[in-house]
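Colleague: I should like to go through the terms used for this model and hear the grounds for each of them.

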Amino acid sequence: MHSSVAKLRSVLRRLHGPTTTESSSLAYQDLYIKGKRIQRGTLDTLSIYSSWCVDIDFAGKSYLDLGCNAGAYAFLAADDGATRVVGVDLVNEHILEAKAYLKHYSGRSLEFVTADLFAFLSEHDARYDIVSAIALVRHLIAQKMQAGAQPEDRRFNKWMTFDSFQKIVRRRDPVAAGHFDAVVNQLIAFSMEHFIFSMQDRAGGFLRNKPETIDRLRALNPRIQNCEIFAPSSRNPHHVFFVLSLSPNR
Ligand SMILES: C[S@@+](CC[C@H](N)C(=O)[O-])C[C@H]1O[C@@H](n2cnc3c(N)ncnc32)[C@H](O)[C@@H]1O
């Protein structure tokens, strides 16, 4: 492969992570098993996890990680005392990678499932204390929009532009905002205490308008009591994490 093409691919991978269609042989996540790093990837999962889980106590809790990739956050939460952990990913290759480390957790309730997460959620009615969808929501919005889009509607080819949370907050694109609401609401429904998700925003609008962002999220679902925003990665300052604290499920 031409070296500049290889370099560009590696930069894009670092910025966006593997896409749903990409079959990546390059490790994406740093993997920690029982406190020891056993795989170096392009993503510093420990720093990211350490920032968003700062006020979250996993001990004795159930945790569902949607779009878990090779299971980095699932293993970290298990090591922090989560008693039931489930990771779901669309790509079997990632799930096989995660499953290879299950031998270190024998006797623990830790499970990885290859599935589209909406199919998984519709077949399972369990609720989890903590649910995360990290670097995933924009993929889900894109998938929903593409599934519902008319082929001649060119806007849907430009779904990456919906990375801008500013647009969603200010409802500059009602279709994107509607899909965002639907996706986030659906995922919140499976969460008892906390729902964590992340988005990219090249405009950085959510930082400048933090109260506006929080108000927007609070209005989205009456269960949202509080929202904290973290931008933990110096490698990608546009990647921002939202930790929503929820009132109990009705
Ligand atoms: C950008 S990666 C993020 C991985 C991980 N959450 C992290 O932050 O390190 C997105 C992941 O979501 C998975 N994914 C995308 N669409 C999905 C879907 N509909 N259901 C389940 N997993 C999905 C992809 O296979 C990929 O592993």
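This is a predicted model: local features need pLDDT of at least 70, side-chain atom pairs count only at pLDDT 80 or more; totals for chains, interfaces and linings use all residues.

Modeller: Residues are numbered from 1 along each chain as its sequence is written.

Colleague: How many helices and strands does the protein chain have?

Modeller: The protein chain has 10 helices and nine strands. Helices (H or I, at least four residues) and strands (E, at least two) are DSSP runs, numbered from the N terminus.

Colleague: Why is Phe-241 called buried?

Modeller: A residue is buried if 20 or more other C-beta atoms lie within 10 Å of its own, exposed if 12 or fewer, and partly exposed in between, with C-beta atoms placed from the backbone. Phe-241 has 22 other C-beta atoms within 10 Å, and is therefore buried. Phe-241 belongs to strand β9. Buried residues account for 36% of the 250 residues in the protein chain.

Colleague: Why is Ser-234 called exposed?

Modeller: Ser-234 has 8 other C-beta atoms within 10 Å, so the term exposed applies. Ser-234 is placed in the loop between β8 and β9. Its C-alpha lies 10.0 Å from that of Ser-47, although 187 residues separate Ser-234 and Ser-47 in sequence.

Colleague: Which residues does Phe-241 touch, leaving aside residues up to four places away in sequence?

Modeller: Two residues are in contact if their C-beta atoms, placed from the backbone, lie within 7 Å. On that basis Phe-241 touches Ser-51, Trp-52, Ile-196, Ser-198, Phe-230 and Pro-232, with residues up to four places away in sequence not counted. In the protein chain, 64% of the contacts between residues at least 6 apart in sequence join residues at least 24 apart.

Colleague: What is the order of the strands in the open sheet?

Modeller: Two strands pair if DSSP finds at least two bridges between them. The open sheet of seven strands has the order β5-β4-β3-β6-β7-β9-β8, with mixed pairing. Strands β5 (109–114) and β8 (224–230) each have a single partner strand, so they stand at the edges, with one side of each left without a neighbour in the sheet. From one strand to the next the twist averages 15 degrees.

Colleague: How many bridges join β6 to β7, and how many join β7 to β9?

Modeller: Strands β6 (residues 128–133) and β7 run parallel and are joined by five bridges. Strands β7 and β9 (residues 239–246) are antiparallel, with seven bridges. Phe-195 of β7 is the bridge partner of Val-131, and Phe-195 also stands opposite Leu-244 in β9. Of the 10 residues in β7 (residues 191–200), eight are buried.

Colleague: How do you know that the span of helix α8 agrees with its number of residues?

Modeller: The expected span of a helix is 1.5 Å times one less than its number of residues. Helix α8 (residues 174–188) has 15 residues and should span 21 Å; its end C-alpha atoms are 21 Å apart, which agrees.

Colleague: What makes the buried residues of α8 line one face of the helix?

Modeller: The buried residues of α8 are Ala-176, His-179, Phe-180, Val-183, Val-184, Leu-187 and Ile-188. Seen down the axis of α8, these residues fall within an arc of 160 degrees, so they line one face. The arc is that of the directions from the helix axis to the C-beta atoms. Exposed residues Pro-174 and Asn-185 are on the face of α8 turned away from its buried side.

How values were computed
Axes are lines fitted to C-alpha atoms, for helices over the stretch in contact, and angles run from 0 to 180 degrees between N-to-C directions.
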